[in-house]
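Here is a short briefing on one protein chain. Look over its sequence and fold before reading on.

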Amino acid sequence: MSTEPGPLTYVYAVARQTERLADVLSGLRGIDAAPVRLLADTSDAGSAPLAFVISPVAHRVFNESALKAHFEDLRWLESVARAHHDVVQAVAAEATVLPLRMATVYEDDTRARQALGGQRRSFTRRMAALDGHTEYGVKIYLRPPAADGAAEPPGEAGAGTPPTTPGKAYLQRRRVQRNAREKVHEQARLAATAVEAVAARFTTQRVRHAPQSGALSGPQENVVNDAYLVPDGRAQQFRAGIEEASRGFPEVRIEVTGPWAPYSFAMPPAEAAGPAGGDERAP
């Protein structure tokens, strides 16, 4: 006879309960291929009450002690993050969505519903701010420096000029590299200013994320990694404006990503640095 506790309730996001969204979720699978559904706030008398987007997850995997171990497992994290993202994006394609942090879990549906009711006012305000908006990312990368050949190699100085010693040649190469790098950084600074000017015309909020590094940025150095909240009616103008601005800065690469669910704007502007957390509990 099994003594394992029952499943926990995993929450992906907040959305408004509608028949259309319920139909979409009926064919969706979340973490560990579990069915996804809406859990409504029964105390909400609105015409479209708020609901958590949920699925059951195994207690042995998502309890507090297990999560601490799993967060050291990159393959596990990638799998859960992908499933979480897929559910949130599916909701975002149909309705305004307020993404929650990955691994937001409650002991059961009752506790989850209580938490939803307790945060209804906060969630309602954020949902209203996100209605008709979508997140886009803008990243600026430094292009890799060109092959180093500008400095005069040793032994090839012009007629009547003393041959360049290895030490002087090295210093020349370093000076050329430094000047080239300073020029690229200046281009990136001017490009960031141009992007901000475009964004001021077409966006409502911005969150500055830390530049990506390592495998996330690839061979090019990422120096700007911003997220913008863009009204849906201005998305095309926003993208076109960024593309036009990028033509003036050939020594950097400006990349626009999206549309995304508004992960960066799930918290109010004063707190926004990532997805919302709320009263999650990992027993």
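In what order do the four strands of the open sheet lie? The order is β6-β7-β5-β8, with antiparallel pairing. This is a predicted model: local features need pLDDT of at least 70, side-chain atom pairs count only at pLDDT 80 or more, and totals for chains, interfaces and linings use all residues. Residues are numbered from 1 along each chain as its sequence is written, and side-chain values use heavy atoms, leaving out hydrogens and water.

**The open sheet**
- Strands here are DSSP runs of E with at least two residues, and helices are runs of H or I with at least four, numbered from the N terminus.
- Two strands pair if DSSP finds at least two bridges between them.
- β6 (205-209) and β8 (252-260) are the edge strands, each pairing on one side only.
- From one strand to the next, the twist averages 20°.
- Five bridges join β6 to β7 (residues 221-231) in the antiparallel sense.
- Val-207 has Ala-227 in β7 as its bridge partner.

**The nonpolar cores**
- A nonpolar core is a set of buried Ala, Val, Leu, Ile, Met, Phe, Trp, Tyr and Cys residues joined through side-chain atoms within 4.5 Å.
- Buried means under 20% relative accessible area (1.4 Å probe, protein chains only).
- The largest nonpolar core has 31 residues, and Tyr-10, Tyr-12, Leu-25, Ile-31, Val-53 and Phe-62 have the most contacts inside it.
- Helix α4 (74-92) is among the elements that each supply at least two residues of this core.
- α4 gives the most, with eight residues.
- Apart from this core lies another, of 24 residues, including Ile-140 and Val-252.

Conventions. Buried < 20%, exposed > 50% of the residue type's maximum accessible area, 1.4 Å probe, protein only. Axes fitted to C-alpha atoms, helices over the stretch in contact; angles between N-to-C directions.
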